Amino acid sequence: MAIKESISNIQSLDTPPQSRRTLVHIAQVILRDPLALLSTIIIIVFFFVAVFAYQLAPFPEQGAGKSNPATAMLDPSPEHPIGTDRLGRDMLSRIIIASRPALVVPIVVVFLAVIIGAPLGAIAGYKGGWLDEVIMRITDLFLAFPFLLLAMSIATALGRGLDKAAIALIVSWWPWYTRLTRSIAASLSQRYFVMAARSIGVRDSVIILRHILPNCISPILVQATIDLGLVILAMGGLAFLGLGTQPPAPDWGLMVSDGRTFIFKQWWLSTYPGLAIFIVVLAFNLLGDTLRDVFDPRQYR
Amino acid sequence: MPNPIIVAKDIVKEFQLPGGWLSRKKHSIRAVDQVSFDVSRGEVFGLVGESGCGKSTLGLMLLRLLDITSGSLFFNSIDLTRLTSAELRQLRRQMQIVFQNPNSSLSPRLKVLDIVAEPLRTHHIAPEKQMREQVLLLLDQVGLGKQHLDRFPHEMSGGQYQRVAIARALALNPSLIVLDEPTSALDVSVQAQIINLLVDLQQKLNLTFIFISHDLNVVQHISDRIGVMYLGKLVEIGKSEEVFMQPLHPYTKALLASIPQPKIGKDKELKTLKGQIPSVANPPSGCRFHTRCPSVISKCKLSEPELIAVSIDRFVACHLVVE
């Protein structure tokens, strides 16, 4: 058995690959890519501003909606760096306070859309057959409408208000996650480790929870990051049409809408809230792209 | 045959291909076509053939991981085709599978502990308190230790990876294990280690193996009997040494002639089969091998040869041999 021994002596050939911790890896990629770094910093600043909005805003009450006719329509000045609106409220404070709903609403909307959409997609993709057909035809029903039109109709039916707009967004957003998750789940269900679980006798429900969904997380996380920005955009759209946040509460979309009458003389009224939307949405998009590269460079490109 | 663990009779697997949107006709391919064979308890049955010949599909069917289109399949005298899914789940304790390596057979987000514990948990074999010890015992059987318990699959080498897959298959104390190309993705030295491990386990635990591989050397080394598959059909079955010493079917002969032998000088060329493997979707008429067979006769193109016993435990499907 000399051969056997000599074979077991060359164990070193069979060495495990270097392990990579995901979080460390994400940090490395972000630090290496200037755009990713910039977007991360923007998002961190955005979180910080949203959390400490009332401490940071120079005029918190005005920011929250209290009008002050004495200072209406002021040009930018040291006291009001980007001017005041037609009800005399400090624009900077308004933008800062409005960062709170702009942070909270997208997180709630995307989170609930994932919670509803992903499990349905996993079931459809793993089980296939008639269940797959039923679930996917229902999503088709939602996806057949232009997204904003659907959200608008639902928001209109529910009535005005930020909470109703959020519900409208969730209802029209979850099918996208069902689609995404279904496509991943369908390919996972052919993988050997899922077959192995079946050969052990694991129940389908457990296979979906333990083997399918955890392996769908990375692409869902990427999509969710990008969607955080898109929900801000959609919220802005609804508010612009008067369906989302109701005055006097601050909202970036609403501010753009309010300021557009004065766009030629007091251009800052619409421009700065628009810029806030633009920067935050762009940052979420860039971060989403970076995460996509981190999780799987081959998957999408 | 004494005490068969698997009795397969005329089993068929058809896959439906989506037809064009204009054509009403549905296309289907027969990946496994009327295959019959027995496997007796405690033996190692090797299945060989070129890639795409249906040997892996057959392996999955034997465990009912794929549904059987037609034919009958008995496991320990239990008709596998008539079980409810709950009964099947219970029966799964007795039959397990080890897949080919390529980083796909272990769930990437579970630790080794949870991967090997999954069968124990699923069938409530060990209480949660003793889980670590139980898993450790299983890992010990395959030559892994405590230090591997908390690793993720991507932190392991190919050999370790396959050992974990074997440990998981052993966890339920099965009587039958299907090994689907368990070593083909490994380095040669690691391959030998895994083969030795499998042989040891098979003898120690009196397991029945169905060993699927395209590596004839490995199959010869490990198998008691082998079956040779070509385009979804079994063309020859026999004792391992008999088939290798004296192949009867022209396809088996060609396969064996294509194994590189160290004794042959460099000037002597390896005999290789000419021509492409025909498509399973459109198999040749008559004998499926006639398009590539070196000794083809006119009858081969017309009628398909049956798998016929030529001596005890020896079956061949070839017109030339029977006549």
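This report describes helix packing, sheet architecture, nonpolar cores and backbone geometry in a predicted model.

## Helix packing in chain A

Helix H11 (residues 204–240) of chain A packs against helix H13 (residues 268–295) of chain A, with the axes 8 Å apart and at an angle of about 170°. H11(A) is therefore roughly antiparallel to H13(A), since angles over 145 degrees count as such.

On the H11(A) side, the contact includes Ser218(A), Leu221(A), Ile226(A), Gly229(A) and Leu233(A). The residues contributed by H13(A) include Ile277(A), Phe284(A), Asp289(A), Arg292(A) and Phe295(A). Classified by type, this contact of H11(A) with H13(A) comprises 13 nonpolar, six polar and two charged residues.

## Nonpolar cores

The largest nonpolar core has 72 residues, of which Phe46(A), Leu169(A), Tyr177(A), Ile212(A), Ile232(A) and Trp252(A) touch the most other members. H11(A) makes the greatest contribution to this core, with 15 residues. A second, separate core of 59 residues includes Leu149(B), Val164(B), Ala169(B) and Leu197(B).

When neighbours within four places in sequence are left aside, Ile212(A) is in contact with Ala122(A), Tyr126(A), Ala185(A), Leu188(A), Ser189(A), Val194(A) and Ile207(A).

## The sheet of chain B

Chain B contains an open sheet of eight strands with mixed pairing, in the order S6-S7-S8-S3-S9-S10-S12-S11. Strand S6 (95–98) and strand S11 (308–311) of chain B stand at the edges; each has a single partner strand, so one side of each lacks a neighbour in the sheet. On average, and with direction ignored, neighbouring strands are turned by 25° against each other.

Two helices lie across parts of this region. Helix H1 (residues 55–62) of chain B lies across strand S3 (44–48), S6, strand S7 (176–180), strand S8 (208–212) and strand S9 (225–230) of chain B, and runs at about 155° to S8(B). Helix H5 (residues 158–170) of chain B lies across S6 and S7 of chain B, running at about 175° to S6(B).

S3(B) and S9(B) run parallel and are joined by four bridges, with Phe45(B) opposite Arg225(B). Strand S10 (residues 233–239) of chain B pairs with S9(B) in the antiparallel sense over six bridges, and here Arg225(B) stands opposite Lys239(B). The hairpin of S9(B) and S10(B) has two residues between the strands, and Leu231(B) in this hairpin takes a positive phi near 45°.

## Backbone geometry in loops

Most residues other than glycine have a negative phi, and most peptide bonds are trans. Against this background, the peptide bond from Pro247(A) to Pro248(A) is cis, with omega near 10°. Pro248(A) lies in the loop between H11 and helix H12 (252–259) of chain A.

Asn76(B) has a positive phi, near 50°, and is located in the loop between strand S4 (70–75) and strand S5 (78–79) of chain B. Asp313(B) also has a positive phi, near 65°, and occupies the loop between S11 and S12 of chain B.

Definitions and conventions:
Residues are numbered from 1 along each chain as its sequence is written. Chains are lettered from A and ligands numbered from 1 in the order in which they are written. This is a predicted model: local features need pLDDT of at least 70, side-chain atom pairs count only at pLDDT 80 or more; totals for chains, interfaces and linings use all residues. Side-chain values use heavy atoms; hydrogens and water are left out. Axes are lines fitted to C-alpha atoms, for helices over the stretch in contact, and angles run from 0 to 180 degrees between N-to-C directions. Angles under 35 degrees count as roughly parallel, over 145 as roughly antiparallel, 65 to 115 as roughly perpendicular and the rest as oblique. Contact means heavy atoms within 4.5 Å. Ala, Val, Leu, Ile, Met, Phe, Trp, Tyr, Cys and Pro count as nonpolar, Asp, Glu, Lys and Arg as charged, and the others, Gly among them, as polar. Two strands pair if DSSP finds at least two bridges between them. A nonpolar core is a set of buried Ala, Val, Leu, Ile, Met, Phe, Trp, Tyr and Cys residues joined through side-chain atoms within 4.5 Å. Buried means under 20% relative accessible area, exposed over 50%, partly exposed in between (1.4 Å probe, protein chains only).
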